[in-house]
Every structure is written in structure tokens, then in C-alpha cells.
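Hi everyone, thanks for coming.

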Amino acid sequence: MRYLQKVLYLTAGVGEQLLRCGAEIARVEETMERIAKHYGTTKQQVFIISNGVFVNLEMGTEERETSLEPIMSTSVDLNKLCELNNLSRKIEQMDLEIDAAIEEFEVIRQGRKYNKWLHVLCSGIGAAAFCYFLGGGTLDCMAACLMGILVWGFFLALEPLHLSNVLLHIAASFIAAGGCVLMMRMGMVENLDKAIVGAIIPLLPSVAFVNGVRDLVDQNYISGGVRMVDAILLFTCITTGVFLALQLGGRV
């Protein structure tokens, strides 16, 4: 692999992984340009949208390399995001050679594999914590915790089927709200509203919404608009699922 191809591979790869982890567009562009400049490229053309990374690098007047990295799916991974940012700082501050930087990047790309049951448990704990912050009682927090575990287990069980996010969020929020209504009828919930809000917290696309706002402020209107529409659509799906559960449970 020629030197410029290595630089392009590292630059495009870091940008792709940052975008997959939920980083805002401006941060991705700045990081990629800094890496490319550090390794001696004379011209950097970077264009980022919510589902694609376009890079063109030039070294002198004779060498040019271009890359397009499509992004089919994104998720929030703050640990990998932090490691990628640390790598970009090390490249500038410690003057890492390109081969060493690529080797470290490959380790980061693999990521740390978390146990799925840990995800499920954290979903339940997060749901209970938010219910408590909102003023829910002990029974409400227990119900929110149970529904948080059930909802994330539902997501993990259907993950191999690659179903639409719209259907998944409607179904998951319906299960969460319906479970809370059922437990209230059994006397296991005191404040239905607080229990439901806590239970659906793990479903909220909060990071995508905030990044959409930041992208719009940074004048990245295409990416910001796409992220905002996606987040608002999921908010609507969650609302629909809760409404259906309350309607069928006779609480509306």
C-alpha cells in the first residue's frame, strides 16, 4: 500500500467510526482534516453527511486518492468515541508514524465487546433511576426497572431480524406502557405517568436529537435535518406506542 493510500485509509476510517459512534459532523470533519494534514497531504477535501463520508486527498500535483464510505447504521458508543479522539491527539502530539497509527486504529475499530445481559441490566437501572428522579415511588421504580429490562431484551431478541426502527419503537413503547398499566391494575404501581416515562427512557434518541441541533447550528443543514427528522420520527413512534397501550388499557 502506498503512503497516500495509508493516509486515506486512516483518515476515512477514523471519520467513518466517529460518525458511527454518534459524533457531530463538525467534529468528524475537523478530526479527519487534522489527521490528513499531519501526514503531509497538500489538499484535503472532506464532505460528511449523516450516512456517508467522502474524502479526497492530494499530495503534490501528481498523487491523488479518493474514498467513499457509506454509513448504513449508527449507534452511540462513547467509549470508542473517546478512544478515537485520543488517537487523533496522539497523532499530533506524539507524532505517531502512519503504520503505528493504523495498527492502533484497527484495535479501536474492533471495539470492546460488552455482554448483552449487561446492556439489559443497565437499561433497567437507567429506567428506574429516571423514574426516581421524576419523583416516582419504590413500586414505580421497580416497575420501570422491569419494563426497561423487558424493552431492551425485546430489542436484542429482534436485532438479528433487522426490522424497521419505526416498528420496533412502536412495539417496544407499547410493551413498556402496557406493562406499567397492567401492573397498576395489580396494585404494583402508584404513579402510572412516572413509571411509563422511566420505562421508555432507554428508547429515546436523545443523542441523535442533540447532534441534529448542533449540526443545524453549524450550518450542516442536510445532516442536521436528517438527524432531526429521524429523531422526531422515533419520538412520534414512542408516543404512538404509549398512546395505544393507554387506549387499550382504558387510561385515555
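Let me start with a question: is Asp 99 buried, partly exposed or exposed? Asp 99 is partly exposed, with a relative accessible area of 43%. For the terms, buried means under 20% relative accessible area, exposed means over 50%, and partly exposed is in between, using a 1.4 Å probe and protein chains only.

A quick word on what you're looking at. This is a predicted model, where local features need pLDDT of at least 70 and side-chain atom pairs count only at pLDDT 80 or more, while totals for chains, interfaces and linings use all residues. Residues are numbered from 1 along each chain as its sequence is written, and side-chain values use heavy atoms, with hydrogens and water left out.

Okay, back to Asp 99. Its partner is Lys 6, and the two form a salt bridge with the closest N and O atoms 3.0 Å apart. By salt bridge I mean a side-chain nitrogen of Lys or Arg within 4 Å of a carboxyl oxygen of Asp or Glu. This pair links distant parts of the chain: Lys 6 sits in helix α1 and Asp 99 in helix α4 (residues 98-110), 93 residues apart. Helices here are DSSP runs of H or I with at least four residues, strands are E runs of at least two, and both are numbered from the N terminus.

The structure holds 13 salt bridges. Another one joins Arg 2 and Glu 63, at 2.7 Å from N to O. Here Arg 2 is in the segment before α1 (3-20) and Glu 63 is in strand β3 (residues 63-70), so to speak a link across 61 residues. Staying in helix α4, Arg 109 and Glu 106 lie three residues apart, about one turn of the helix. They form a salt bridge too, with the closest N and O atoms 3.5 Å apart. Glu 16 and Arg 20 are linked with this pair in a network of salt bridges.

Now the domains. The protein is divided into domain 1 (3-110) and domain 2 (116-249), with bounds from an automatic or database domain assignment. The contact, meaning heavy atoms within 4.5 Å, takes 11 residues from domain 1 and 10 residues from domain 2. Across that interface the rule finds one salt bridge. Glu 24 also meets Arg 214 in a salt bridge, at 3.2 Å from N to O.
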